[in-house]
Structure formats: structure tokens, C-alpha cells
Amino acid sequence: MTTTALNHPTIHQLNNGLTIIAEQLPVEAVNLNIWFQVGSAVEPDAINGMAHFLEHMMFKGTPNLKPGEFDRLVEQRGGVMNAATSQDYTHYYITTAPQNFAELAPFLLELVSNPSLPEDEFMREKKVVLEEIRRSEDNTMRRTYARAMETCFQSLPYRRSVLGPASVISEVTPEQMRQFHRQWYHPETMTVSAVGNLPVQTLIETVTAAWEKIAPQCYSPAPITVSFPTPEPPFAEIVRREYEDPQLQQAQLVMLWRVPGLNDLQETYPLDVLAAILGQGKVSRLFRQLREEEKLVSAVGAINSSQKLQGHFSVSARLPVENIAKVETAIQQQIKQLQEEPIRVSELNRIQTQVANRYIFANEKPSDRANLYGYFASQVGDLNAAINYSQIIRNLTPETIQQAAQRYLSPEAYGMVVLSPQQSSN
């Protein structure tokens, strides 16, 4: 494997398919990250939200750990723990002092591999998840994102909420959850990354020994039979969706393009740079024009989101309703300029340094590194993509950036979502 001076991960694979990634980092902490290749994208509509609900239930004990016991052990030792569910993955993590890693790491592995999923805890936690769904629906930013995804994707499961609808979660059963766990939580879908101030061999041996003890107690995996849809074609026209939102003080505008995702990784790099050129930082083109010079928006930004099956590129702004048309036209014109005129080398060099350095700075701590390795190993299957990201960005040329703008960011065809403050009835 090619590495830079900043990254020296070791990859170890067990005979059962479990991937372990370890790296010693001279910081007095150790992070253990456990990744599974399962998120809301693999769920049938009938159990949409199950991956997230299951994440909640993982901390409700095992045959050997009472509910709440793991939380108490971690907190008593000053550690932190959490979990997250996305469209393409679920991951669980703890950060501990090095001297506590050998004690706590096996417990986290046991929790995710052999949960009890008791019915009484299931019913109690269902109320918590339903309340989270309600709060999500009452959150302006999440409502805006939901509207944008529903507009961007017509058939891909990315158009659905990770939390799932309340009507579905209300009806799911403990047995459905056990079946979902059997289907997705096993070594072939699992990546364990451990980074911190312990020798690499110690990190690997701790995880291996814990797994060998846990494995005989685990469910036998159920066969995975998921048929993933193909990526959707680019927009053929401008598709507009307009909504009123009583909680807004200003309008929210989101323009969206369907772009390659992680399954077409090489195409995502110039799109990352295009997002930085257009709307990341105070010297980005849209920020300078729309906020600083013309004062048409209070906020503007751009992001390239690379999900596994297909990504989406978005430009968003917060602005007075009367400025919407002007801002949409200005964004179209900025994209046309990127298509027609190669970016100056001096501007590209600045943007490349910005993107590459942000990436490096975001991966300095043990938890950052463990996240990075777990994400790329589970989602891409290649750590070189993580290790060499900054260099790949720095090697992009003005022509490559221009070609990506021409290929993927049409100023005449995109999704357009506008949420406006509710009109007064007076």
C-alpha cells in the first residue's frame, strides 16, 4: 500500500472476513470504530428506519451485559461513546485512555455482535425514536434537506429519511429487528478500526481475541438479497418544487444536480474542488458575489455529497424571497463561466491547498483517523483513496475541473427547491 508520512495504517483480515485496521498515533487516547455496510438505503419501504432504530437498541445489553452497564463502564473510566446511522452505513465508537482499551473494546464488540434486543426495551426505545422523528420533522434544516432529497432522487432510496416515517416505526416488531441484525451484522459486512497510543499489534490482538470469544455466541448470518437500483440520469430540465414553511424568517433555496458517487470515485474529486470554488469559504465565488458584493443573500454554500450509489451536488442559500430569481440566475452564470473558462492556475492552486489542508486538519485525532479508515474501507474498499486524497486533489488540472463542470453541472437542467416564509393572511 502507498502511504504518506501522515498515515501508516496496518490492515489485518481474519479468516471469517472481518477486516481490522490499526494505527499507532502518539496521542494519549485510543478510538475503536466499528463500521457496518448497512444503512437506510438497503431497507425495504416496509421497515424504513430499521437501521437507525437498531442502532439505538445496540446499547440495551447482551446476555452478558445488563442494559446500561456498558454506558456506566465507559463513563466511569472517562471514556466517550456514540453511534451514527447514515444511508449507506452504521458505525459505533468509543474513545478511551490507552490503559482502558483492552477492557472496554471487547464490550463494544459484544454489544454490536450479540445484542439481546429484549422486547420491553424495544417498546421503550420505540417511543424515543418516534419522538426523534417528530423533532426531526419540526427542524427547519432537516425539513429543507428532506425536500431536497425527495426532489433530487425519484427512485433511489436516498430520497427517504434515515429515521423512517413514524407510521412504519410504530408497526415494526422485535422479530423484524432480529432478522435485520442477522442479515447485516456479521464479519463480511464489518470493519473495525482502532487508532491511538498503543502498539499496532496490541490493537489487532485485542480485537481478534475479543472476536474469537464473542463469535460462537452470535447469530448465524441470514443471506443478503438486496437488489440495488442503478443511478438515475441527470435532470433533463429544471424541476422546481416550492413550499411554504411557517418557521422560516427568510427563504431557503437549494439547487441540485445528480452526480457520480463512491462507486465512481475518480469522478468525485473534481466535484469536491468545484464545490470549494463555488461556495466554500469567504473567498469562494458565490460568497464574494452574492453576499459581499451584491448583498443578495445572508448565507450561501456548495457541497458535493458522495453517497455510494450516486451523489448529489448542491448549492444552497438563505435569502429574502424577492431575491430568489436574481440569485438563481447568478448561480447559473457562475456555472457557465466554469464551463466556458478554465479556472486560473493561481485560483486552482489556492483552492487545492484549501481542500487538501482541510482534509488533513480534519484527520489529526485518533477518532478522526479511525473514522476515516472505517469509512473508506467499508464504503470504498480501498484505504489508498483515503490516504492519497490530498495528493489526488493537488494533481487535478484546470482542464479536469472544467470538464467536470461541463459533464455534471448543467445550468439548464437541475432540481430547484425553494422554501419560503408563510405568507401573511392580512
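A salt bridge here is a side-chain nitrogen of Lys or Arg within 4 Å of a carboxyl oxygen of Asp or Glu. What you are looking at is a predicted model. By that criterion the structure holds 17 salt bridges, and I'll take a few of them.

Start with Asp 245 and Arg 143, whose side chains meet in a salt bridge at 2.8 Å, N to O. Asp 245 belongs to strand 7, residues 238-245, and Arg 143 to helix 5, so this pair ties together parts 102 residues apart in sequence. Are these two residues buried or exposed? Both Asp 245 and Arg 143 are buried.

Next, Arg 160 and Asp 45 form a salt bridge in which the closest N and O atoms are 2.6 Å apart. Both partners sit in loops: Arg 160 between helix 5 (140-152) and helix 6 (166-169), Asp 45 between strand 3 (30-36) and helix 1 (50-57). The bridge therefore ties together parts that are 115 residues apart in sequence. As for burial, Arg 160 has a relative accessible area of 18% and is buried, while Asp 45, with 55%, is exposed.

Arg 285 is in helix 10, residues 285-293, and Glu 347 is in helix 12, residues 345-361, so parts 62 residues apart in sequence are tied together. Arg 285 is buried, and Glu 347 is buried as well. There is also a network of salt bridges that links Asp 120, Glu 121 and Arg 124.

In what order do the six strands of the open sheet run? The order is 1-2-6-3-5-4, and the pairing is mixed. At the edges stand strand 1 (10-13) and strand 4 (80-85), each with a single partner strand, so one side of each has no neighbour in the sheet. On average, neighbouring strands are turned by 15 degrees against each other, direction ignored.

Two of the pairings in detail. Strand 1 and strand 2 run antiparallel and are joined by four bridges, with Ile 11 opposite Ile 21 of strand 2. These two strands form a hairpin with five residues between them, and Gly 17 in the turn has a positive phi of about 100 degrees. Strand 3 pairs with strand 5, residues 90-96, in the antiparallel sense over seven bridges. Phe 36 stands opposite Thr 90 in strand 5. Helix 8, residues 200-214, packs on the sheet and touches strand 1, strand 2 (19-24), strand 3 and strand 6 (190-196). The direction of helix 8 makes about 150 degrees with that of strand 2.

On to the nonpolar cores. Which residues have the most contacts inside the largest core, which has 60 residues? They are Trp 257, Leu 274, Leu 290, Phe 313 and Ile 331. Helix 9, residues 268-279, gives the most to this core, with eight residues. Apart from that core lies another, of 55 residues, including Phe 36, Ile 133, Val 192 and Leu 198.

Leu 290 shows what such a residue touches. Setting aside neighbours within four places in sequence, Leu 290 is in contact with Lys 295, Leu 296, Val 297, Val 300, Val 327, Ala 330 and Ile 331.

Among the buried residues of helix 11 are Ile 324, Val 327, Glu 328, Ala 330, Ile 331, Gln 332, Gln 334, Ile 335 and Leu 338. An α-helix has 3.6 residues a turn, so residues three or four places apart point the same way.

Last, two backbone angles. Leu 117 has a phi near 50 degrees, which is positive although the residue is not glycine. Leu 117 lies in the loop between helix 3 (101-113) and helix 4 (119-137), and at 1% relative accessibility counts as buried. Lys 295 lies in the loop between helix 10 and strand 9 (299-305), and at 62% relative accessibility counts as exposed.

Methods. Residues are numbered from 1 along each chain as its sequence is written. This is a predicted model: local features need pLDDT of at least 70, side-chain atom pairs count only at pLDDT 80 or more; totals for chains, interfaces and linings use all residues. Side-chain values use heavy atoms; hydrogens and water are left out. A nonpolar core is a set of buried Ala, Val, Leu, Ile, Met, Phe, Trp, Tyr and Cys residues joined through side-chain atoms within 4.5 Å. Buried means under 20% relative accessible area, exposed over 50%, partly exposed in between (1.4 Å probe, protein chains only). Contact means heavy atoms within 4.5 Å. Two strands pair if DSSP finds at least two bridges between them. Axes are lines fitted to C-alpha atoms, for helices over the stretch in contact, and angles run from 0 to 180 degrees between N-to-C directions.
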